[in-house]
Amino acid sequence: THWKHGGVVGIKGYGAGVIGRYSDSPEKFPEVTAFHTFRVNQPSGWFYTTKALRQVCDIWEKYGSGLTNLHGATGDMILLGMPSDTIQNCFDELSGEAGFDLGGSAAVLRTPSACVGPARCEWACIDTLDICNDITQTFQNYIHRPHWPYKFKIKISGCPNDATASIGRSDMPIIGTWRDALRIDQDAVREYVDNGLDIVDVVNQCPTEALEWDAKGKKLILKPENCTRCMYCISKMPKALRPGLDKGATIMIGGKAPLVRGPRLGWVLIPFMKMEPPYTELKDLLEKIWDWWDENAKTRERISELIE
C-alpha cells in the first residue's frame, strides 16, 4: 500500500486528519482497495472513560475495519482501515455522538500531547493537561488546515524526566522545571543511607557535580549554581529530594524523528518561562516561530533543518 497525505480524501471543512491509503494491487485485494486512516484527537493525558472508548469502538466497527492503534507517535487515537464512501458518516458520528474531533496530519500543527502531569504525578512542575487542552483549542485552525512547509509537533512533559520523550520527538518540547534550589530533607537522606543506599555513587553520577556528601556530618550539600535539574538524584531518593517551588517550563526547539535528514534532539530556546493561564507568552512565541519558519523553509523542511 501507499499513503497520500491531505487533499485526496477528507471531511467537509477539514484539510487534515484523514490519511488516504490505497492498495497497489487492488485486483488481488479488492476488500482493501481503499484502507484510509483516521487520526482522532486524544484527550489530554490520554484519560478516557470506558463509555467513551466503547462508543469509539462501536462506531469504528460500524464504518471501518475495527483495527485501532492507541496511540500513534504524535498521540492521536489511530483508526486503521476505512473505505472512501463511509468517511463522512463515520466522522459525523464520532464528532456528534461520541464528542471526538479529528487530529492533525500533513503540513499542520500535529495534535499536541502531554503526560498525565498533576493528575497522577507528584513531580509535575506545570499543568500539562491544561496547557495541552488550551493550545489545542486555541490553534484549531492550524491543526485542521495545512498552513506550513511541513508538520510541527508540540509535546508537553511535566518534569525533566520527560515522559512524552519530547526532546527527540517534537519540534517544540515544553518541559516542566524549576529555577530555585532543589529541596532537601536531610533526615530522609540519612534514612536512605542507613538503609544501604550508596550515596557516594549518587553524588558521583551527578552530571554537573552539583552534589557533595559530607560523610562526617551525614549531610547532602547542594551547589545550586551547578544544578541543571536533570532529576537523577530525585529519582534515586524521591522521599528526600524534591523540585524547588518556583516552577515553570523550559522551552526547546527542533526535536524530530528520522525522516528527510535524520533524527534531531531539541535545543534549549528559553531556559525558563512561567506557565500560567492563559499562556499568552507561549502562544505569542509560537506565532512568531511559525511566521519565520513559514517565510523561510522549503517544502517538507522541519524547523530544525531550517535552523541548521
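D185 caps the N-terminal end of helix 6, with a side-chain oxygen 3.2 Å from the backbone nitrogen of D187. Helices here are DSSP runs of H or I, at least four residues, and strands are E runs of at least two, numbered from the N terminus. This is a predicted model: local features need pLDDT of at least 70, side-chain atom pairs count only at pLDDT 80 or more, and totals for chains, interfaces and linings use all residues. Residues are numbered from 1 along each chain as its sequence is written, and side-chain values use heavy atoms, with hydrogens and water left out.

**Helix 6**
- Spanning residues 186-194, helix 6 has Q186, A188, V189, Y192 and V193 buried (under 20% relative accessible area, 1.4 Å probe, protein chains only).
- Those buried residues fall within an arc of 160° seen down the axis of helix 6, so they line one face; the arc is taken from the directions from the helix axis to the C-beta atoms.
- Over on the other side of helix 6, you'll find D187, E191 and D194 exposed (over 50%).
- Packed against the buried residues of helix 6 are strand 9, helix 7, strand 10, strand 11 and helix 8.
- Just after helix 6, G196 takes a positive phi of about 105°.

**Nonpolar cores**
- The largest nonpolar core has 31 residues; a core is a set of buried Ala, Val, Leu, Ile, Met, Phe, Trp, Tyr and Cys residues joined through side-chain atoms within 4.5 Å.
- Helix 9 gives this core its largest share, six residues.
- W290 is in contact (heavy atoms within 4.5 Å) with L109, F139, Y142, W148, F152 and I154, leaving aside neighbours within four places in sequence.
- A second, separate core of 25 residues includes W178, L182, I199 and L211.

Definitions and conventions. A polar contact is a pair of N or O atoms within 3.5 Å; within protein, one must be able to donate a hydrogen and the other to accept it, and residues adjacent in sequence count only if both atoms are side-chain atoms.
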